[in-house]
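Visitor: Could you take me through one part of this structure up close? I would like to look at the place where the two chains come together, and at what surrounds it.

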Amino acid sequence: MADDDLLGTRQAAELLQRTADHARQRLVVNQPLIYGAWGAAWLIGCGAMWLSVLGQHPFRGAAGWASAVLGAGIALAIVATAITTGRAARGIGGVSARQGMMYGLSWPAGFAALFTLVGAATHFGASPAVLGVLGAAGPLVVVGLIYMVAAGMWLDWIMFWLGGWELLVAAVGAWTGPVGVLLMDAVAGGGGFLAAAALVAWRNRS
Amino acid sequence: MSDAELDPVIHAPVRLRITVTLSTLREGDYLSFSRLQQLLDLTPGNLITHLRKLEEAGYVASVKPVSDGQARTAVYLTHAGRAALERYTAALRQLLDQATP
């Protein structure tokens, strides 16, 4: 493109649209991908956990293979989140970078506190059923709270409602017991993420 | 100046692309020179030439944030730049509406 090519009105409008689409595609984090990855991890991982505890009397806890499926799903979702966020944020500095750093750090902080708390409950003699409920509902409380607060930072209503939904799933799920809560996690928890992915993709359509 | 006059500072392919790309950032954010160059697929010299014109008009400003001890130039659209792009977009729409009866 030469320095000052003469630009027709229609050409200029098309160039403006194309440039805006291109920039948004590259500079904005791919939220549907992130929600989709977490929705799949929750649906498949907690679904496997649920299948492995189905019909346990008394409740003993999930089988090793099921925990491994959930662990692999979570690891994949973390990688997908880190890659898509890192790609979009590269070269962007200022307010968003600082907000993003604090937001990013709140995740490991929240989960470290939760797992330490579950460890303490184990130490002080909580039954497998109590540990099952805590371990299955606890993560959704962390997720729900972080999303609701972070939504305020970005004024993102879909994220806000997703956070509120996950809190509701955690609270209601806990009362269904250590087996039921895993099914709630998988279907309602994972389903909430997948619904949010679809809603954001629909909102972003150009 | 009539409403539907296109701002010559923005109305050039490279400067239009720079302005629109920077306008997708949130206010308070800036974009590194190298990422902007890579997004627009321009040579450094070409990008610098057009950034200077936009800076002279007061539409773009630069900062030198220090990360890892080394300063890298980053640029952002000023309030005047955002307002100018809005006026430009409105003028463009008006001209297109006039062209299609």
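Guide: β1(A) pairs with strand β1 of chain B, residues 29-32, in the antiparallel sense and over 3 bridges. Two strands count as paired if DSSP finds at least two bridges between them. Helices (H or I, at least four residues) and strands (E, at least two) are DSSP runs, numbered from the N terminus.

A word on the model before going further. It is a predicted one, where local features need pLDDT of at least 70 and side-chain atom pairs count only at pLDDT 80 or more, while totals for chains, interfaces and linings use all residues. Residues are numbered from 1 along each chain as its sequence is written, and chains are lettered from A and ligands numbered from 1 in the order in which they are written.

Now follow a single residue, B:Leu31. Across the chain boundary, B:Leu31 in β1(B) is the bridge partner of A:Ile92. Within chain B, B:Leu31 has B:Val75 of β5(B) as its bridge partner. The strands β1(B) and β5(B), the latter covering residues 74-77, run antiparallel and are joined by 2 bridges.

Stepping back, we reach an open sheet of 4 strands with antiparallel pairing, in the order β1(A)-β1(B)-β5(B)-β2(B). Its edge strands, each pairing on one side only, are β1 of chain A and β2 (60-63) of chain B. From one strand to the next, the twist averages 40°. α4(A) packs on this sheet, where it touches β1 of chain A and β1 of chain B, and its direction makes about 90° with that of β1(A). Here axes are lines fitted to C-alpha atoms, for helices over the stretch in contact, and angles run from 0 to 180 degrees between N-to-C directions.

What about the contact as a whole? It takes 23 residues from chain A and 26 residues from chain B; two residues are in contact if their C-beta atoms, placed from the backbone, lie within 7 Å. On the chain A side, the elements giving two or more residues are α1 (9-27), β1 (92-94) and α4 (95-123). The largest share of that side, 12 residues, comes from α1(A).

Finally, chain B itself: it has 4 helices and 5 strands, and its elements run α-β-α-α-β-β-β-β-α from the N terminus on. Among its contacts between residues at least 6 apart in sequence, 61% join residues at least 24 apart.
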